[in-house]
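Work through the exercises below with the model open. Each task is followed by a stepwise solution.

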Amino acid sequence: MNRAIIYPGSFDPVTYGHIDIIKRAAKNYDTVYVSVLDNNKKSPLFTVEERVKMLKDVTKDYDNVVIETFRGLLIDYAREKDVHVVLRGLRALTDFEYELHMAQTNYLISGGWLETVFLSTDLEYSYLSSTTVREIASFHGDVSKFVPECVAESLYKKFGY
Ligand code: PNS
């Protein structure tokens, strides 16, 4: 059995909340593919290359974590890799509707072979999102509690402080 899982997302940028999910998945699966969506329409703050580099930096101690990118539909990417399970983090009830919709859509359009599993985010990070981090950094606030140092430095550089 292929004990691999795909953790897809924008990771713009990666936060301690994402890292918590990655570490916990790495304990339970042979391989964790952290897969960055390469989608021009989303106009992200960081380029896909910058996001991949930050993810590689912060997961360098985990041998079974692989950072990749994908375009188009998640089910096509998952099929190509022959991985049948997707992982998403759930922070609060506000995430639930969107996540449920995505999980059910992927299950439906894959003809029932792509499952989604959820990990509940550690309470410490339940409020944390990349959007909040970008907003704080855009006003030159301190993001050191939310992201590792290398990510904070990239944010400070982006916003010129
Ligand atoms: O970190 P995000 O932005 O919440 O991640 C969302 C992501 C990348 C997982 C989702 O947008 C996605 O899988 N996009 C690929 C397109 C796709 O497969 N859409 C159909 C499922 S709704």
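**Exercise 1.** Locate aspartate 82 in this predicted model and describe its backbone.

Solution. Step 1: the loop that connects helix H3 (74-81) to strand E4 (85-90) holds aspartate 82. Step 2: phi of aspartate 82 is positive, about 60°, although the residue is not a glycine. Step 3: most residues other than glycine have a negative phi.

**Exercise 2.** Classify the packing of helix H2 (residues 48-58) against helix H6 (residues 149-158).

Solution. Step 1: the angle is about 155° and the axes are 10 Å apart. Step 2: angles over 145 degrees count as roughly antiparallel, so H2 is roughly antiparallel to H6. Step 3: H2 contributes Glu50, Met54, Asp57 and Val58 to the contact, and H6 contributes Cys150, Val151, Ser154 and Lys158. Step 4: by class, these residues are four nonpolar, one polar and three charged.

**Exercise 3.** Describe the surroundings of the ligand.

Solution. Step 1: the ligand is surrounded by 13 residues, the closest being Ser10, Lys42, Leu74, Arg88 and Asn106. Step 2: ligand oxygen atoms lie 2.6 Å from a polar side-chain atom of serine 10, 2.8 Å from a backbone N or O atom of leucine 74 and 2.9 Å from a polar side-chain atom of arginine 88. Step 3: the protein buries 78% of the 550 Å² that the ligand exposes when taken alone.

How values were computed:
Residues numbered from 1 in each chain as written. Predicted model: local features only at pLDDT ≥ 70, side-chain atom pairs only at ≥ 80, totals over all residues. Heavy atoms only, no water. Axes fitted to C-alpha atoms, helices over the stretch in contact; angles between N-to-C directions. Helix = DSSP H or I, 4+ residues; strand = E, 2+ residues; numbered from the N terminus. Parallel < 35°, antiparallel > 145°, perpendicular 65-115°, else oblique. Contact = heavy atoms within 4.5 Å. Nonpolar A, V, L, I, M, F, W, Y, C, P; charged D, E, K, R; others polar. Near = heavy atom within 4 Å. Polar contact = N/O pair within 3.5 Å; in protein donor to acceptor, adjacent residues only side chain to side chain. Areas by Shrake-Rupley, 256 points an atom, 1.4 Å probe, with all protein chains shown as cover.
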